[in-house]
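Subject: Structure handover

Hello,

Here is the structure I promised to pass on. My notes follow it.

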Amino acid sequence: LTEKLQNVFKNLRSKGRLTEADVKEAMKEIKRALLAADVNFKVVKDFIKNVQERAVGQDVMNGLNPGQMVIKIVNEELVKLMGSTTTEIQLQPGKAITVIMMAGLQGAGKTTTTAKLAGKFKLKGKKPLLVACDVYRPAAIKQLQINGEKQGVEVFSMGENHKPANIAKAALEHAKKNDNNIVILDTAGRLHVDEDMMQELQEIKETVEVHQTILVIDAMTGQDAVNVAAEFDQKVGIDGVIVTKLDGDTRGGAALSVKAVTGKPILYVGMGEKLSDLEQFYPSRMASRILGMGDVLSLIEKAEAEIDEDQAKQLTQKMKKNQFDYNDFLASTQQMKKMGGMSGILGMLPGMGALGGKGLKISDEQTSEAEKQMARMEAMIYSMTPEERENPDLMNPSRKHRIAKGAGVDISQVNRMVKQFNEMKKMMKSMNKMGRGGKKGKFRL
Ligand code: GDP
Ligand code: MG
């Protein structure tokens, strides 16, 4: 496929702006790639249409040809569509019990994922209770019990002769007495979407307060994922999605389809049968996987790195003249974001790879807190006037108040940002004195 793509690109003339013809030509291949990844055709059609409109007239980045530029835009849009950052399962505050209901077709991976999630929560110091609400197959109850035992987590079951809703109710009573703070309901699936299944899930929701309904989708579901997700969302209402079996060779287009039709975030991905094989979902990794154009994407990265290097050179110049200002500060945070934000950077460090799942772990909370802080910092700099950005010395209390208001943050956060800026400026100055300012390469925070 990639070879074919490259041929297409050769025929495209390199020039300043993307024309409609450039975009159309490249889009043909992208459409094929998305369909080959099992993205639903309706989703593909809408996506292509939107991106096409956005792409025409855009400048072609240095070092890329028009076709590659289109792929760059497509990749960005895919990431945006899938949610840009990682999303956590929302837990009830304080001592309240969070009730999570798993939903999905038979064989999607609900029971396995229930146990995997229990392990994650346990690591975070929670005390989960797993509840066997699949009363149709004795083996299902046994399976949950075995997995629960492996994870060292209690499993609540009442056998097969009770209604799932009543089991859930009894489980919640048990959880209250037992100091559990998370209850995960493992429900029954069917081979196909059907009324009984939906009704059963609705009944559970009417009987106990369910805080998070998580749809479990098999990555190999293919085209049908859209219908499954839409039905579950309409009839039962879902809050998030977990895509399983991404360890297979499927490109995982189902993830994109499900996100596009439900708008609900993808929380985790299942990467194997082992109970530790559940990973945080990273939109950018998923986007490259779905596009399946690794070669082109790394070329694009290289082109971006070169631009970064230009910026770094400019920055070095400024450092030499001791002119580091808030615009540079902003550029440096944006550069960090381009490298995939905190989670991306941490993921790239050896031994911390989220892909491998081994080694030192930075908690998901730490990562998302760092990302939030970065976003706040940007909001504050955007609330500054151009003069303020260029002349850091202008900063005074009344300006700080205005900036805080504009960015919707507390004045203490503006103070903190200014302090960080000054520290960085100081650091630059001392680096400059050491004569290392001219070193080439990426500029890092
Ligand atoms: P349920 O019917 O929705 O409860 O599905 P199960 O949890 O029983 O899973 C069905 C099958 O899929 C089992 O054999 C699991 O081991 C397997 N499975 C679940 N998640 C994954 C995954 O992420 N990767 C792989 N390779 N297999 C998985
Ligand atoms: Mg099951």
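Which helix gives the largest share of the shell around ligand 1? Helix α5 (residues 110-123) does, with four residues. Helices here are DSSP runs of H or I, at least four residues long, numbered from the N terminus.

Before the rest, some conventions. This is a predicted model, where local features need pLDDT of at least 70, side-chain atom pairs count only at pLDDT 80 or more, and totals for chains, interfaces and linings use all residues. Residues are numbered from 1 along each chain as its sequence is written, chains are lettered from A and ligands numbered from 1 in the order in which they are written, and side-chain values use heavy atoms, with hydrogens and water left out.

**The ligand**

Ligand 1 is surrounded by 18 residues (a heavy atom within 4 Å). Gly-107, Lys-110, Thr-112, Asp-247 and Glu-273 are the closest.

Polar contacts are pairs of N or O atoms within 3.5 Å. A polar side-chain atom of Asp-247 is 2.7 Å from a nitrogen atom of ligand 1. Gln-143 places a polar side-chain atom 3.0 Å from an oxygen atom of the ligand. A polar backbone atom of Ala-108 lies 3.3 Å from a ligand oxygen atom. On its own, ligand 1 has 580 Å² of accessible area (Shrake-Rupley, 1.4 Å probe), and the protein covers 81% of that.

**Helix packing**

Helix α3 (residues 41-55) and helix α4 (residues 66-81) have axes, fitted to C-alpha atoms, that come within 10 Å. They cross at roughly 125°, on a scale from 0 to 180 degrees between N-to-C directions.

Helix α8 (residues 195-207) packs against helix α9 (residues 225-235) at about 40°, with axes 10 Å apart. That makes α8 oblique to α9 as well.

Best wishes

Methods. Polar contact = N/O pair within 3.5 Å; in protein donor to acceptor, adjacent residues only side chain to side chain. Helix = DSSP H or I, 4+ residues; strand = E, 2+ residues; numbered from the N terminus. Parallel < 35°, antiparallel > 145°, perpendicular 65-115°, else oblique.
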